[in-house]
Amino acid sequence: MDAVTYSTETVMGFIDKYLVPLRLNILDEGYEGEEYHTIWTPATGVLDHAGIELQRVIGFFSPGEFIAEMHLGIAKYHLSAENYDTALVHLNVLLEGSLECCSVPEAVYFRGVTLYKQKDDASELKNAYEELQKKHPDSTWAKRALPYRLL
Amino acid sequence: MSTVKWHTKTSYALDKALSTRKPVLLDLYNPE
């Protein structure tokens with residue numbers, strides 16, 4: 001990750017703007033990350049200020065994939081804090097931009113969740129279901145959204 | 001090679017997250 005992702009100006013600028021970076025060596029004698037148990041590394045997560053983990057990905061990512069995954073994690077942070085407008089900004093960057101990303105279906109799902117919570121309007125969940133069926137029908141997120149077809 | 005300026009203490013990073021209203025990027029790594 002250092003050689004491929006973290007050393008790029010784009011990623012360093014992104015992290016500096018949106019995140020507080022914390023790196024823990026799992027082999028350190030005084031390792032502080034027991035509560036963030038991981039079965040494999042690199043493991044990259046997004047935490048809130050209480051240390052609650054909101055997003056985790058395993059493995060190596062290109063700079064574009066990393067930024068896309070982090071937009072999703074940052075959106076979940078703001079969704080959790082009920083900052084819906086800011087969550088939507090990050091989800092829309094992911095969905096409307098040219099970021100290389102495999103997490104687009106998850107972003108569609110969480111945009112529906114965010115809009116539902118923002119407007120208290122269940123039709124937003126159904127809209128997300130319909131978009132997933134149309135654009136990402138084979139994704140796990142399309143299956144997870146199936147109950148929303150009944151709304 | 002320049003890279004990210006990582007915090008290595010959880011409590012410091014969480015305090016900074018609270019004061020800046022930014023989430024924490026957690027990187028768990030094995031140097032071996």
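What span does helix α6 of chain A reach from its first C-alpha to its last, and what span is expected at 1.5 Å a residue?

## Helix α6 of chain A

In this predicted model, helix α6 of chain A covers residues 123-135, 13 residues in total. From the first C-alpha to the last, α6(A) reaches 18 Å, which is close to the 18 Å expected at 1.5 Å a residue.

The buried residues of α6(A) are E124(A), L125(A), A128(A), Y129(A) and L132(A). Viewed down the axis of α6(A), these buried residues fall within an arc of 150°, and they therefore line one face of the helix. The cover over the buried residues of α6(A) includes α5 (104-119) and α7 (140-144) of chain A.

## Chain B

The secondary structure of chain B consists of 1 helix and 1 strand. Along the principal axes, the C-alpha atoms of chain B fill a box of roughly 35 × 20 × 10 Å. Of the 32 residues in chain B, 34% are buried.

Strand β1 of chain B spans residues 24-29. Because 5 of its 6 residues are buried, β1(B) is largely enclosed by the rest of the structure.

## Strand pairing between the chains

Two strands of chain A pair with β1(B). Within β1(B), Y29(B) has N25(A) standing opposite.

Strand β2 of chain A (residues 43-47) runs antiparallel to β1(B), and 5 bridges join the two.

## The contact between chains A and B

The contact draws 33 residues from chain A and 26 residues from chain B. On the side of chain A that touches chain B, the elements giving two or more residues are α1 (2-6), α2 (9-18), β1, β2 and α3 (63-80) of chain A.

By class, the side of chain A that touches chain B comprises 19 nonpolar, 10 polar and 4 charged residues.

Note on methods: Residues numbered from 1 in each chain as written. Chains lettered and ligands numbered in written order. Predicted model: local features only at pLDDT ≥ 70, side-chain atom pairs only at ≥ 80, totals over all residues. Buried ≥ 20, exposed ≤ 12 C-beta atoms within 10 Å, placed from the backbone. Helix = DSSP H or I, 4+ residues; strand = E, 2+ residues; numbered from the N terminus. Pairing = 2+ DSSP bridges. Contact = placed C-beta atoms within 7 Å. Nonpolar A, V, L, I, M, F, W, Y, C, P; charged D, E, K, R; others polar. Expected span 1.5 Å × (residues − 1). Arc of directions from axis to C-beta.
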